[in-house]
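Subject: Structure handover

Hello,

Here is the structure we spoke about. Please open it before you read the rest.

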Amino acid sequence: MKRLLIILCIAAPSYAQPIGTIDTAGITINDVQAYGSPGRRIALDDSGYASVVWYGTLANSPRPLWNVWSPLSQDFLWPNGMPILEGRGGAPQVCVDDHGLALISSHELNTSYVNSTVCLDYLPHFGAFTCTGVGIPEIDLYNTRLAVHLSTAHLLAMGQTHDPDQPATLHYTRGTIEIDEQHSGIGVDWDQPLSMATTSSNGYALAAAQRHPWVAVAWHTPGPLDSTRFSSMFNQDILLERSIDAGGTWGEPLNITQFAEPDTDCASGDTLICCIDTFRAYGDIDLLYDGSWWDALHVLFTTASYYALWPDGEPTSYIKRSTIWHWDDQHEEYNLVADGWWPFTDPLIYDGVNQFNVQRPSLAIDPVLGWLYCTYMKYDTNCTSEQLYPMADIWISMSTNGGRSWSVGTNVTNTCPGQNVRAPGSMSERDPSLAEYVTDGFLHLTYVLDHDAGSAFSNEGVTTDNPVVYQRISTFDIDRLPLMPQYPLHIDSTGFPWVPDDHAVEHEIVPTESELSAPYPNPFNASTTISYDLSTPAHVRLTVHDLLGREVAVLYDGAAPAGKHRLIWNAGNFSSGLYFVSLRSGDQAQTQKLMLLK
């Protein structure tokens, strides 16, 4: 099979400069692979084999397809992949269990209903599957999300009755992965599905921890403004619900966004200011437990603009403007990952259905360093199709301190062919998905390269043969600096208004007090990130002491401005043991413990 990189260089050597190594898993005419949250469409086993799934077309019957990239041949095993189901299906997800067996979930279309199906490979990357359906009488279950921990599989799907007046519901179920004495896959024995919540969006996600029997589910829910005037699919909060016993019982939902209602009695009378929160969750979510000793849960979500109070009396949303945010259950703070708060200035540029300037975040973790990586789509109006739909590249941002700050993204595809490009000349990458873990210093990414921008499914552009791409990217190629400026997710009527005619207000958040944060990761091996906040400019001395109180390292000694600061202590030459990091700023002194384990 030819490498896609060769094809790209022949077709457009002047602009096709993706980072890393690229292979083609197959071809699909279905340019849309994610309706809302991306989920996991790529997974690696311990031997370095990469399973990639996508929604494709074979013999005029849309169905989920699967292919495996081999580290031995440095190529995929089957031309254009293998079908998973006999009949029609879609929205596939993939995981690998602790025996290296691939599990693939999909919805499956039958004559009168839709059920969710999970297929288990008989042997690692063997290609013979045993499929088990999960169904509920009189309810269609579709758009699955899948997670695996040890011998337990977790499945989340959207349920819809045939009554259009009934809301969609999220259904969760867990199953036991059954293997024989030779560790060959037999199937999955599923529990009865549990109805968890109603939802009006395909933005939902599922994750399972690796060190603990923990499971998490997140989804969009209508925001606090429940009157007819303010109700909108763009007015959404995000609820998070967790289980500590592998999905047996669940806690109460936690609203992690809590967007505020507008201030209708706002003293200024300026509707832009009185709107207060002008972000709302919309479109997609991703979840990831980071595998640390405390298995922190990380959440990524996209927000679009939402102005509940507008001069003409009706709520307004600028759907193209968007931002991507990070939240975790250790710090419970909002960190900006990607900024798409810029308008399309050319009125002739078509938005496309439910598309944002930045969207579709997908998380990965380096289990050795504890560094996080987020991939996402980013549109560019300098690159358009003949019908003036903008094209997207795939970008990756990284965090070295558990998500508390993020680098400005690195464009890892770089395939802009220009404006008004006729099909099949578009080079629009969309719906990226990362494998959960960095392996040997490489990120593993899959996406669809759409050769006519827009969504053919939504009658945007024409149908083309689109490569399903697998891209391996060295983490050294992802920029760590500069860092994204941090803006508030929540504001009140005295805060910064997000004015729709301008770019995001160029104000960084100034901390209200000086603080030395807990280092991350901690315990750590070789390096850890130390963060501190300054409410005012000060002379700072940041030092490390051993258990006897001896100063063993000076990390910083000098003037520092007000704001958030972070640096990395590389302790590769130090012995394992307990250390203390101390911050002196002005007349204040603070200390945090550090545990170095080698």
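Predicted model: local features only at pLDDT ≥ 70, side-chain atom pairs only at ≥ 80, totals over all residues.

Residues are numbered from 1 along each chain as its sequence is written, and side-chain values use heavy atoms, with hydrogens and water left out.

A cavity is a set of points, on a 1 Å grid over the protein atoms alone, where a 1.4 Å probe fits but cannot get out; lining residues have an atom within 4 Å of a point. Points are joined across faces, edges and corners, and the volume is the space filled by probe spheres set on them. There are five cavities of 30 Å³ or more.

The largest cavity has a volume of about 90 Å³. It is lined by 13 residues, of which Gln33, Ala34, Tyr35, Ala91 and Arg145 are the closest to its centre. Strands (DSSP runs of E, at least two residues, numbered from the N terminus) also contribute: S7 (89-96) and S11 (140-149) each supply at least two lining residues, and S7 gives the most, with three. Seven of the lining residues are nonpolar, four polar and two charged. Here Ala, Val, Leu, Ile, Met, Phe, Trp, Tyr, Cys and Pro count as nonpolar, Asp, Glu, Lys and Arg as charged, and the others, Gly among them, as polar.

The second largest cavity has a volume of about 70 Å³. Its lining includes Glu333, Arg404, Asp533 and Lys564, and divides into one nonpolar, five polar and five charged residues.

Regards

How values were computed
1 Å grid on protein atoms, 1.4 Å probe; cavity = no way out; pocket = protein on both sides within 12 Å on 5 of 7 lines; lining within 4 Å. Helix = DSSP H or I, 4+ residues; strand = E, 2+ residues; numbered from the N terminus.
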